[in-house]
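Colleague: Could we go through this model together? I would like to understand the protein chains and the DNA around them.

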Protein chains: 2
Amino acid sequence: MREGERPEIAKLPLFAEMKEEQRERVFSASHLQVFPPQLILFDVGQKPDFLYVLVDGLIELFTTNGDRDSTMAIVEPVSSFILAALVTNQPFLMSARTLQSSRVMLIPADLLRDVIKQDGALMQEAMRELAVGYRHMVRALTDMKLRQSTERLGNFLLLESHKRDGAMNLQLRGEKKLLASLLGMTPENLSRALSALAKHGVSVAGGNITITDHDALVTFARPDPFLDKVE
Amino acid sequence: MREGERPEIAKLPLFAEMKEEQRERVFSASHLQVFPPQLILFDVGQKPDFLYVLVDGLIELFTTNGDRDSTMAIVEPVSSFILAALVTNQPFLMSARTLQSSRVMLIPADLLRDVIKQDGALMQEAMRELAVGYRHMVRALTDMKLRQSTERLGNFLLLESHKRDGAMNLQLRGEKKLLASLLGMTPENLSRALSALAKHGVSVAGGNITITDHDALVTFARPDPFLDKVE
DNA sequence: CCCGTCAATTGATAATTATCAATTGACTCG
DNA sequence: CGAGTCAATTGATAATTATCAATTGACGGG
């Protein structure tokens with residue numbers, strides 16, 4: 001891979017603490033690749049040959065059941081994905097597709113597993129990342145099991161706002177049907193949920209959503225102080 | 001803790017590979033405790049003071065939202081739980097209660113985090129356990145997002161049967177309303193789902209469920225070869 | 001600049017799931 | 001052995017969500 005790309009990847013928590021020598025070994029065996037939009041990177045059931053690091057672009061992780069599919073996560077740069085499959089060396093449980101043209105670093109799986117064993121700092125960060133990912137999934141499952149769709153949307157907006165340092169104006173990345181799938185509802189119901197939130201301090205103009213009354217939205221969505229948090 | 005209890009705990013994958021000296025350090029600082037049924041071990045929001053290892057009994061991990069709650073996992077012996085909260089040293093996202101009288105080993109959190117840093121084999125097993133847990137959550141979320149209740153029940157039964165070496169006769173641990181909550185439905189709907197499965201090779205007698213026609217159940221539930229697997 | 005395409009919205013209806021209510025049945029306690 | 005308790009079931013209804021259908025609106029290509 002090109003030298004110029006390395007710094008931002010090396011800054012990732014996952015790779016930040018490892019020994020320089022090992023990082024060199026990993027990076028020099030990896031390569032960057034650019035994928036066009038709507039390309040499937042891998043499918044459920046495949047064995048992981050690489051750890052993926054999204055450098056630029058947008059990627060969707062999704063699962064399928066018959067003819068339906070569901071967005072499990074949206075990966076934004078810069079972050080790695082499918083670490084759990086790599087660590088367990090088990091087939092993917094999710095498929096991945098690019099939503100936009102994306103630059104992705106591919107780290108050979110065998111090598112990385114090997115380096116993880118040798119570099120304690122890297123292993124610790126991998127462990128931490130998996131723990132954070134696990135907790136993220138607990139949140140998502142709780143959200144799905146005990147909230148209904150409009151509440152999920154409300155809490156999603158509050159969380160997005162919080163992630164963006166409290167910005168009251170949110171610009172959706174990707175299409176609304178993607179958000180619908182992420183929130184576990186149909187696009188039709190997302191539309192209706194968005195208009196329902198008009199009464200609770202949310203106004204929508206295309207992909208631009210504004211929280212006009214934060215308190216009203218909080219009252220409606222009842223975010224959980226521990227669940228609805230960034231980590 | 002008592003000497004006699006150690007072997008079965010030491011056999012846990014998590015602790016199996018670590019250095020004997022470190023294991024001694026961990027175990028001698030830990031203690032076993034017996035809790036009566038229906039006791040809350042900890043609540044959402046508390047900081048983890050211990051890693052919990054269920055030695056004997058049955059424990060429920062659940063989340064709450066207002067007046068509703070939902071079973072996230074049922075912990076059977078012998079296994080540890082809330083490793084992710086311990087590793088990240090963040091507040092619990094789930095509460096825990098005993099379902100039966102339970103013997104639990106409590107390992108001081110600070111100590112264990114310390115030993116994990118020092119013992120590579122233990123860290124690797126912790127990492128692996130978190131990866132497996134993450135994948136389990138991906139399965140659960142997929143199940144919830146793209147299957148409806150009767151399908152979830154059908155696949156649950158198939159998976160349970162598979163876990164018990166293909167036994168066609170299943171004895172439920174715990175009450176049916178617990179299973180209902182785990183599967184994300186009301187007890188009423190579990191009742192109906194169970195009778196609906198009568199047409200698809202399942203017969204019920206109290207807490208005793210028999211798969212009378214495995215193929216028929218598979219045809220109905222359409223298990224996913226990768227998703228509906230034990231790891 | 002118009003047409004075709006497709007995401008998004010809106011309305012109507014159907015399916016799924018939850019809630020409320022009542023009953024049954026198993027088990028315990030006195 | 002009978003009363004009380006509670007899980008489980010069953011029926012009726014309501015709420016939520018999905019599906020189907022039609023329309024609107026934005027955008028890019030010819």
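Colleague: How much of chain A is buried?

Modeller: Buried residues account for 38% of the 231 residues in chain A. A residue is buried if 20 or more other C-beta atoms lie within 10 Å of its own, exposed if 12 or fewer, and partly exposed in between, with C-beta atoms placed from the backbone. Please note that this is a predicted model, in which local features need pLDDT of at least 70, side-chain atom pairs count only at pLDDT 80 or more, and totals for chains, interfaces and linings use all residues. Residues are numbered from 1 along each chain as its sequence is written, while chains are lettered from A and ligands numbered from 1 in the order in which they are written.

Colleague: How many helices and strands does chain A have?

Modeller: Chain A has 10 helices and 11 strands. Helices (H or I, at least four residues) and strands (E, at least two) are DSSP runs, numbered from the N terminus.

Colleague: And what are the dimensions of chain A?

Modeller: The C-alpha trace of chain A spans about 55 × 35 × 30 Å along its principal axes. Its radius of gyration is 19 Å, close to the 17 Å that the globule rule gives for 231 residues, so chain A is as compact as a globular protein of that length. The radius is taken over C-alpha atoms, and the globule rule is 2.2 Å times the number of residues to the power 0.38.

Colleague: What share of the contacts in chain A join residues at least 24 apart?

Modeller: Among contacts between residues at least 6 apart in sequence, the share is 74%. Two residues are in contact if their C-beta atoms, placed from the backbone, lie within 7 Å.

Colleague: Let us turn to α6(A). Why is it described as largely enclosed?

Modeller: Helix α6(A) is largely enclosed by the rest of the structure because 20 of its 27 residues are buried.

Colleague: Which rotation superposes chain B on chain A?

Modeller: A rotation of 180° does so, with 0.0 Å of shift along its axis and an RMSD of 0.0 Å. The two copies are therefore related as by a two-fold rotation axis. The same surface serves both copies, since 100% of the contact residues of chain B recur in chain A. Copies are superposed by least squares on the C-alpha atoms of residues with pLDDT of at least 70 in both.

Colleague: Which residues come nearest to DNA strand D?

Modeller: Of the 17 residues around DNA strand D, the nearest are Q148(A), M185(A), E175(B), K176(B) and S191(B). Here a residue is near a strand if its C-beta atom, placed from the backbone, lies within 6 Å of it. The surface near DNA strand D receives the most from α9(B), with six residues. By class, this surface has four nonpolar, seven polar and six charged residues.

Colleague: And which are closest to DNA strand C?

Modeller: For DNA strand C, 17 residues surround it, and the closest are E175(A), K176(A), S191(A), Q148(B) and M185(B). Here α9(A) gives the most, with six residues.

Colleague: One last topic, the backbone. Where is the cis peptide bond in chain A?

Modeller: A cis peptide bond joins P77(A) and V78(A), with omega about -10°. V78(A) lies in the loop between β5 (68–75) and β6 (79–81) of chain A.

Colleague: What about D165(A): buried or exposed?

Modeller: D165(A) is exposed, with 6 other C-beta atoms within 10 Å. Although D165(A) is not a glycine, it has a positive phi of about 55°.

Note on methods. Ala, Val, Leu, Ile, Met, Phe, Trp, Tyr, Cys and Pro count as nonpolar, Asp, Glu, Lys and Arg as charged, and the others, Gly among them, as polar.
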